[in-house]
Amino acid sequence: MLPKMLILVTLMLLPVVSNADDPYYVYPDVFNDPERDAFLFGTFPEGFIWSSATSSYQIEGGYDADGKGYNIWDTFANTPGNIANNDTGNIACDSYNKWEEDVRIIKELDLEYYRFSLSWSRILPDGTADNVNQAGIDYYNNLIDGLLADGITPMVTLYHWDLPQDLQDDYGGWLNETIIYDFGEYARVCYENFGDRVKLWLTLNEPWIIAQLGYGCGGFAPGVCADGTGSYVAAHNLIKSHAKAWHIYDDDFRATQAGRVGITLNSDWMEPYNRSLETDLNAAERAQQFHLGWFGHPIFVDGDYPEVMREMIDYSSEVQGYNESRLPTFTALEKEYILGSSDFFGLNHYTTGYASKPDEWVISDNPSYYNDYAVDFWKDPEWPSSGSDWLKSVPWGIRRLLEWIKDEYGDPEIYVTENGFSTKDIDDLNDPDRIDYYQSYIDEVLKAIEMDGVNVKAYTAWSLMDNFEWAAGYTERFGMHHVDFDDDDRPRTQKDSSLFYATVKANNGFPKPTEEPITEEPAVAGSSHLGLTITCFLPFVNFCLRKFIL
Ligand code: GBH
């Protein structure tokens with residue numbers, strides 16, 4: 001370790017090698033368009049929120065501890081064949097027992113926000129508000145108090161996919177509109193118990209994933225295969241449940257608790273493959289509407305689904321011989337209830353793909369969401385890859401998506417609630433590819449703010465630490481901290497990316513080389529490897545890391 005530090009410190013004392021007039025590129029071989037890809041030095045607006053995130057099932061473990069009920073991920077992961085290596089979240093990062101450790105590492109990074117989720121069945125074991133599990137309430141009270149004591153603001157997700165099993169068994173979970181009432185009452189219990197201290201709420205994490213991967217045969221819990229039918233019904237109930245939870249807050253809690261409630265939607269950016277082809281431009285727009293618009297349009301535009309979804313699904317349904325459209329309809333009252341039911345726009349974004357119009361559109365015999373929207377979608381093999389097949393690093397995509405959201409949804413306040421990068425080399429604390437990803441994506445967010453006037457308020461890195469990556473189990477790692485899942489203590493160890501992120505946060509961005517950067521190292525107790533301290537020497541630091549150290 002010592003030689004590494006010496007080399008780094010010596011190199012940092014040298015003058016900056018790159019000429020200020022030469023643009024710096026994070027991915028010089030792949031993304032080097034001076035207009036699009038040149039690195040922008042500068043800092044974020046004052047008060048910009050820097051956060052990191054986790055979710056209950058992915059980190060907590062304690063799957064049957066102290067009166068917790070089972071949820072659909074407990075069941076799904078413990079059914080052989082569903083998860084890589086048959087991994088489960090039964091113990092995961094053991095944050096149920098080690099939450100103080102989590103608070104400590106957040107504190108060390110000096111991050112002032114932490115996004116985590118509540119386990120519904122830990123609080124309400126059978127899903128209904130008839131039975132409240134005090135041990136579950138106590139667990140989250142301790143966590144929230146622990147965060148606040150260290151000056152960390154909680155950003156709390158009510159639902160990050162772990163539905164109480166009883167609600168799935170009793171009535172089909174999100175397929176049944178009874179869920180709207182139960183979700184509302186669950187939200188109420190959370191506001192009542194935690195709302196005196198939690199002022200930033202997210203109702204649902206990525207309803208698209210819940211609907212399409214959970215109920216459309218996508219390989220996520222509960223593993224229901226009803227693509228193009230059930231997935232639309234689940235989405236319908238998700239939207240109404242979200243609106244319900246927002247209204248309950250608005251009616252009964254906002255006046256006294258004065259917090260904010262939003263939803264988090266996920267979307268790739270869909271880049272038209274050939275921008276000079278009208279058909280590709282339309283295909284990309286259609287894909288964006290079917291994906292983000294499925295939920296974004298009702299909540300942020302007019303209370304209803306995007307027109308293109310209505311037209312295409314109605315038409316396909318008719319051709320397939322359905323008596324009514326597979327896409328359900330909202331009543332006028334429901335539309336009114338849904339429209340405007342989010343205090344800000346939460347965005348989870350990871351990657352980009354090309355979209356183009358397929359050569360022909362043959363309506364399938366069996367209903368299918370993807371068949372309904374008729375877009376070819378793929379990723380360029382040249383784009384930098386990650387530990388996950390679906391995740392390519394395409395930094396300029398987030399900037400285009402942010403601008404699209406600004407234009408489409410009336411310039412909302414945007415909270416980036418997730419963005420991050422996976423690796424497969426699970427024990428490596430040197431993670432330069434993750435640093436490249438964060439550096440370039442965060443910089444594109446800065447460009448969106450500075451150059452496009454997008455109202456981005458927050459950036460959240462996924463994830464604070466390695467955790468249970470759903471169907472991929474522990475084979476794909478998103479953490480800025482390594483977790484040793486073979487060790488009963490589940491030790492967390494800082495990766496280089498964590499120090500990098502802390503430095504970006506400390507500098508509130510990437511100060512221009514002429515500005516005085518913060519050179520103070522984040523206090524990282526027990527960290528034995530190198531610290532990246534001076535973001536204004538980014539090109540140089542990056543160069544040194546790659547050439548001399550890693
Ligand atoms: C987020 O979802 C989640 O909110 C978070 O819990 C998760 O850990 C993180 O992303 C990283 O995945 O190629 O069929 O295996 C982002 C949406 C969901 C996109 C899983 C990729 C895998 C599809 N991701 N999906 S597949």
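This is a predicted model: local features need pLDDT of at least 70, side-chain atom pairs count only at pLDDT 80 or more; totals for chains, interfaces and linings use all residues.
**Before you start**

Residues are numbered from 1 along each chain as its sequence is written, and side-chain values use heavy atoms, with hydrogens and water left out.

**The whole chain**

Begin with the protein chain in cartoon view. It has 20 helices and 15 strands; helices (H or I, at least four residues) and strands (E, at least two) are DSSP runs, numbered from the N terminus. Of the 550 residues in the chain, 63% are buried, where buried means under 20% relative accessible area, exposed over 50% and partly exposed in between (1.4 Å probe, protein chains only). Now consider contacts, meaning heavy atoms within 4.5 Å. Among those between residues at least 6 apart in sequence, 77% join residues at least 24 apart.

**The barrel**

Next, select β2, β3, β4, β5, β6, β8, β11 and β12. These eight strands close into a barrel in the order β2-β3-β4-β5-β6-β8-β11-β12, with parallel pairing; two strands pair if DSSP finds at least two bridges between them. From one strand to the next, the twist averages 25 degrees. For angles, axes are lines fitted to C-alpha atoms, for helices over the stretch in contact, and values run from 0 to 180 degrees between N-to-C directions.

Now zoom in on strand β6 (residues 260-266). Six of its seven residues are buried. On one side, β6 pairs with strand β5 (residues 200-205) in the parallel sense over four bridges, and here you will find tryptophan 201 opposite valine 261. β6 also pairs with strand β8 (residues 345-348), again parallel and over four bridges. Look there for threonine 264 opposite glycine 346, and for leucine 265 opposite leucine 347.

**Phenylalanine 344**

Which loop holds phenylalanine 344? Select the loop between α15 (332-338) and β8, and you have it. Phenylalanine 344 is buried, with a relative accessible area of 2%. Show its surroundings: leaving aside neighbours within four places in sequence, its contacts include Leu200, Trp201 and Leu202, as well as Arg260, Val261, Gly262 and Ile263. Phe300, Glu413 and Tyr415 are also among them.

Strand β9 (residues 352-356) pairs with β10 in the antiparallel sense over three bridges, and alanine 355 stands opposite phenylalanine 377 in β10.

**The largest pocket**

Rolling a probe the size of a water molecule over the atoms shows where empty space is left. On a 1 Å grid over the protein atoms alone, a cavity is a set of points where a 1.4 Å probe fits but cannot get out, and a pocket is an open set with protein on both sides within 12 Å along at least five of seven lines; lining residues have an atom within 4 Å of a point. Grid points are joined across faces, edges and corners, and a volume is the space filled by probe spheres set on the points.

Select Glu206, Ile209, Leu213, Asn266 and Trp390: of the 32 residues lining the largest pocket, these lie nearest its centre. The pocket has a volume of about 680 Å³. α10 (207-215) and α16 (369-373) each supply at least two lining residues, and the largest share, three residues, comes from α10.

**The largest cavity**

For the last stop, select helix α18 (residues 432-452), which gives the most to the lining of the largest cavity, with four residues. This cavity has a volume of about 90 Å³, and Tyr25, Phe39, Trp396 and Lys447 are among the residues that line it.
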